[in-house]
Amino acid sequence: MADKTHHFSGHFSALYFDTERQGEHKYVMVVESEKPLTQYHINLLQVFSENVNNGFNNIVLCNRLSELAYFDPQLNIPNRAWLVRFLDNLPTSERCQSVIVALNIKDFAELVLSVDSDFLSSFLQQFHRKLQQRFKAQRVIARVTDSCFIILLNSEDLPTPQAMAKLNHFKVMTNNVQLHAEASVALMNLCELTTVSGRELLHMMDSTLLQSQREHLALIQYNPQFRSSILERHQLMQGLNNAIDQGRLLLMFQPKVRLDDGRVMGLEALARWREADGHYIPPGKFVPVAEMSGLINKLDLHVMHLTVTAIKRLLDAGMPLPVSFNVTSSDLDDLFFMDSLDQLCRESPQITQWLEIEITESQTMQDYQHVRPLLQNLIDKGISVSIDDFGTGYSSLQHITELSATELKIDKTFVDAMERDKSGEAIVDMVIKLGKRFNYSVIAEGIETPAQVQQLSALGCEFGQGFWFAKPMEFDDLLNYLKDKTKGTDGSAI
């Protein structure tokens with residue numbers, strides 16, 4: 001052992017085996033032979049021992065690969081891949097007696113950015129110990145994402161409802177600092193899902209946790225209906241991706257008009273998904289799926305190209321009109337999207353003055369200090385910026401004097417509220433006055449009655465859009481609509 005070599009003496013051979021990895025086991029094999037070994041035999045044994053030693057090294061490497069593949073490197077506990085394999089191998093009889101509890105630490109990304117790696121490791125270790133204390137009868141605790149832990153339990157070992165209700169709050173002492181960790185908690189009974197693969201089980205648990213975040217629930221229990229909705233969203237995501245690639249995603253255009261005379265002053269391009277059989281899938285159904293799945297950038301990029309094509313066709317038809325399309329804050333952060341927009345502006349500078357983008361107030365205010373210069377950069381290029389649904393969150397008011405925008409859109413809810421009570425009218429009046437005070441164009445959306453037109457005009461609103469003037473229409477119908485609008489005029493204005 002001291003020499004770390006083989007020794008041969010008379011009838012005995014002591015074969016020493018080591019591994020290249022520090023801290024691994026060392027092995028000694030002692031063999032007694034009937035006759036003393038010759039040098040020839042010793043040479044053969046030494047060659048044989050080299051092969052054995054390589055075998056030990058291979059075992060160590062395989063074990064290390066297994067650790068990396070199936071165990072969390074920070075806590076040395078099972079990870080997502082391990083849990084998937086375990087669930088796949090769990091007999092049906094055991095599944096029927098099992099439940100899983102998932103805990104997702106809220107605001108974990110902010111914690112990662114605000115502390116050093118040692119503090120974070122200590123926090124995770126303490127959090128893991130807390131889980132062990134609260135789930136003493138647990139069969140497995142696995143870390144399936146950076147912020148999410150899953151505990152596998154027998155059904156009879158599930159904490160009481162009162163104890164479950166307290167699982168969303170943990171006090172964790174780390175480096176003499178007490179942190180209050182909030183967690184979303186989801187519960188899934190595996191007896192209802194005996195034929196589902198481990199990978200799909202965890203995917204459904206992810207979606208259940210996401211549902212709890214959307215509904216701001218501290219505790220949520222998986223419902224079989226979640227699975228059908230998950231499958232539906234997955235099918236929608238695949239269908240939408242195919243629709244973009246196959247050209248089945250098109251634009252419809254809704255006019256923006258001057259309220260005093262009904263002249264068309266611009267258009268909003270709206271994405272529509274038309275299936276092969278001709279029926280339409282509403283945007284309220286596919287846009288949230290695009291945002292959740294990461295397809296939104298691809299969708300918006302496609303819409304941008306279609307919008308530019310429409311502007312060119314309008315110019316060729318002698319009907320120059322600004323056309324707006326919707327973007328998200330993730331588009332502004334997407335280098336490929338922004339580079340594509342810059343390239344369009346460089347290649348077709350005559351298009352820029354007719355191109356507008358619309359972004360919702362909530363998207364703009366989500367990280368205003370970051371989004372503002374990105375929007376201002378577009379304005380500097382000559383692209384107009386419209387803040388959609390303005391006033392719904394009231395968060396824009398603190399930035400109204402420095403808002404990177406050229407237009408404010410009054411949300412339909414306020415337009416509808418004008419006819420019901422004075423508070424709705426007061427909000428609309430406030431937005432119009434703010435717009436005029438700080439040189440923003442103001443447009444009201446969702447106008448559906450002549451009374452709304454009169455009321456908005458009386459308040460000083462100049463522009464509007466809605467079903468009262470025109471519903472969204474395809475491009476050929478739009479051209480006919482615009483031609484009808486110009487009949488009897490000199491054609492100088494639409």
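The lining of the largest pocket holds 13 nonpolar, 11 polar and 10 charged residues. The model is predicted. Start the tour at this pocket.

**Stop 1: the largest pocket**

The volume of the largest pocket is about 860 Å³. Select the residues closest to its centre: Glu-268, Leu-270, Pro-283, Asn-326 and Asp-388. They belong to a lining of 34 residues. Now colour by element. Two or more lining residues come from each of strand S11 (264-274), helix H9 (283-293), helix H10 (296-316), strand S14 (355-360), helix H14 (361-366) and S15.

**Stop 2: helix H9**

Stay with H9, one of the elements that give two or more residues to that lining. Which residues of H9 are buried? Select Phe-286, Val-289 and Ala-290. Look along the helix axis. These residues lie on the same side of H9, because they cover an arc of only 105° around the axis. Next, show what covers them. The cover includes helix H8 (224-245), strand S10 (249-258), S11, strand S12 (280-281) and H10. S11 and H10 are also among the elements that give two or more residues to the pocket lining.

Step off the end of the helix. Gly-294 follows H9, and its phi is positive, near 90°.

**Stop 3: Asp-389**

Go to strand S15 (residues 384-390) and select Asp-389. What is the phi of Asp-389? The value is near 55°, positive in a residue other than glycine. Most residues other than glycine have a negative phi. Asp-389 is partly exposed, because its relative accessible area of 22% falls between the limits of 20% for buried and 50% for exposed.

**Stop 4: Asn-439**

Move to the loop between helix H17 (422-437) and strand S17 (441-444), and select Asn-439. Here too, phi is positive in a residue that is not a glycine, at about 65°. Is Asn-439 buried or exposed? Asn-439 has a relative accessible area of 71%, so the residue counts as exposed.

**Stop 5: Ser-147**

Finish in the loop between strand S5 (140-143) and strand S6 (148-154), where Ser-147 sits. Ser-147 counts as buried, because its relative accessibility is 15% and the cut-off is under 20%. Which residues is Ser-147 in contact with, leaving aside its neighbours within four places in sequence? Show Leu-103, Asn-104, Ile-105 and Phe-108.

Conventions: Residues are numbered from 1 along each chain as its sequence is written. This is a predicted model: local features need pLDDT of at least 70, side-chain atom pairs count only at pLDDT 80 or more; totals for chains, interfaces and linings use all residues. Side-chain values use heavy atoms; hydrogens and water are left out. Helices (H or I, at least four residues) and strands (E, at least two) are DSSP runs, numbered from the N terminus. Buried means under 20% relative accessible area, exposed over 50%, partly exposed in between (1.4 Å probe, protein chains only). On a 1 Å grid over the protein atoms alone, a cavity is a set of points where a 1.4 Å probe fits but cannot get out, and a pocket is an open set with protein on both sides within 12 Å along at least five of seven lines; lining residues have an atom within 4 Å of a point. Grid points are joined across faces, edges and corners, and a volume is the space filled by probe spheres set on the points. Ala, Val, Leu, Ile, Met, Phe, Trp, Tyr, Cys and Pro count as nonpolar, Asp, Glu, Lys and Arg as charged, and the others, Gly among them, as polar. Contact means heavy atoms within 4.5 Å. The arc is that of the directions from the helix axis to the C-beta atoms.
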